[in-house]
Amino acid sequence: MIVIKSPVEIEMMREAGRITAKALRLVGEAVRPGVTTRALDKIAEEYIRSEGAKPAFLGYHGFPATLCTSINEQVVHGIPGKRMLTEGDILSVDCGAVVDGFFGDSAMTFAVGEVNPEARALMDATRDSLDAGIAKMRADMRLYDIGAAVQQVAEAAGFSVVREYVGHGIGRAMHEEPQVPNFGQAGKGVQLKPGMVFAVEPMVNAGGYEVRSLDDGWTVVTADGSLSAHFEHTIAVTEDGPVILTVE
Ligand code: MG
Ligand code: MG
C-alpha cells in the first residue's frame, strides 16, 4: 500500500529534507583531496544532531555511519572510514535525517578536485536523469514513467542504470512502498496521486549495469569496475506538480 501524506505531513517532511540537504551541502564543501570519508561523516552527524534531528542511516539494519560514502566504482552503501580522497575521484554521498518521525533521503556525487571528462559526463547525465524522472512526478502520470525517463536520459548519454537497487516510497519509514525503479516502460504502474512521496535515486554506471557486493556486507560496486554516480531527492507529488523536499 502506498501511504498518502497530508499537506501538513509533507510540510513536516520538508524539514527533514531541509536538514538532509544542508548536511549534504556541508559535506560537499569539505570534499577535497586528503580528507577521509570518516571526517565527512562526522561533519554530517554533528550538523544533523545540532538541529535536534537524527541520522537516518546510523544503525539502520546495523549500518555503522551517518553517511554512505561510495568512491569511483563503488555504487552505493560504502562505509565511511580511513580512506583519503584523491584528486580525480568521484564520491557519492547518501544522507538521511529523521525529524519528528519523518525521513528525508538525498544523495549527490561530488568531484574531488579535477576529474576526467568521462567522470564529469557521468555525473552530469546522472543528475539530468534524476531531473527527468522528477518531471514525471505529476498526478496524471504512472509509476514507470519516472524510471522510463531516467533510463532514457542515462542511456542516451551512453551509460547504464543499475537494476538491483531502486528508489522507494518514503515517509514515517525510510523505505515504504512502492519500489521506484530507474528503468521500465512508460505508461505502466500505478497512477501517481497528490500526497505520494518518493525518493528517486538513479545509480548510473559508465559501463554495464551489473553490480556486486563486497565482503564488508555493505559496499556495492560495479561488476566491471567502471565508475558509478548516484543522485537522489525526496519528492512529493502535489496538485501543483512535483515538489522537491530535500532542498534548503
Ligand atoms: Mg539515499
Ligand atoms: Mg533512498
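Two strands count as paired if DSSP finds at least two bridges between them. Helices (H or I, at least four residues) and strands (E, at least two) are DSSP runs numbered from the N terminus. This is a predicted model, in which local features need pLDDT of at least 70 and side-chain atom pairs count only at pLDDT 80 or more, while totals for chains, interfaces and linings use all residues. Residues are numbered from 1 along each chain as its sequence is written, chains are lettered from A and ligands numbered from 1 in the order in which they are written, and side-chain values use heavy atoms, with hydrogens and water left out.

With that rule, strand 14 and strand 15 pair in the antiparallel sense over 4 bridges. A hairpin through 2 residues joins strand 14 to strand 15, and Ile-235 stands opposite Ile-244 in strand 15. Strand 14 also pairs with strand 9 (residues 197-200), again antiparallel and through 4 bridges. Here Val-197 stands opposite Ala-236 in strand 14.

These pairings belong to an open sheet of 5 strands in the order 8-7-9-14-15, with antiparallel pairing. Strand 8 (176-180) and strand 15 (241-244) stand at the edges with a single partner strand each, so one side of each has no neighbour in the sheet. From one strand to the next the twist averages 25°. Helix 4 (residues 143-156) packs on this sheet and touches strand 8 and strand 9, where contact means heavy atoms within 4.5 Å. The direction of helix 4 makes about 40° with that of strand 8. For such angles, axes are lines fitted to C-alpha atoms, for helices over the stretch in contact, and the values run from 0 to 180 degrees between N-to-C directions. Strand 8 also holds Pro-178, and the peptide bond from Glu-177 to Pro-178 is cis, with omega near 0°.

Helix 4 has a helical partner as well. The axes of helix 3 (residues 117-135) and helix 4 come within 8 Å and cross at roughly 155°. That makes helix 3 roughly antiparallel to helix 4, given that angles under 35 degrees count as roughly parallel, over 145 as roughly antiparallel, 65 to 115 as roughly perpendicular and the rest as oblique. Helix 3 contributes Ala-125, Asp-128, Ser-129, Ala-132 and Gly-133 to the contact, and helix 4 contributes Ile-146, Ala-149, Val-150, Val-153 and Ala-154.

The metal site comes next. Donors are N, O and S atoms within 2.8 Å of the metal (3.2 Å for Na, K and Ca), and because water is not among the atoms, sites may look incomplete. Asp-105 in strand 5 (residues 102-111) and Glu-232 in the loop between strand 13 and strand 14 are 127 residues apart, so as a pair they link distant parts of the chain.

The magnesium ion (ligand 2) is coordinated by Asp-105 (OD), His-168 (NE2), Glu-201 (OE) and Glu-232 (OE), at 2.1 to 2.2 Å. Its donor residues follow the spacing D-x62-H-x32-E-x30-E. Another link between distant parts of the chain is made by His-168 in strand 7 (residues 167-169) and Glu-232, in the loop between strand 13 (228-230) and strand 14 (233-238), 64 residues apart. The magnesium ion (ligand 1) and the magnesium ion (ligand 2) are 3.1 Å apart, and Asp-105 coordinates both.

Accessibility at the site can be read with these limits: buried means under 20% relative accessible area, exposed over 50%, and partly exposed in between (1.4 Å probe, protein chains only). Asp-105 counts as buried at 2% relative accessibility, and Glu-232 counts as buried at 0%. His-168 is buried too.

Asn-72, in the loop between strand 2 (67-71) and strand 3 (74-76), has a phi near 55°, a positive value in a residue other than glycine. Asn-72 counts as buried, at 14% relative accessibility. His-77 lies in the loop between strand 3 and strand 4 (90-99) and has a positive phi of about 70°, although it is not a glycine. At 25% relative accessibility, His-77 counts as partly exposed.
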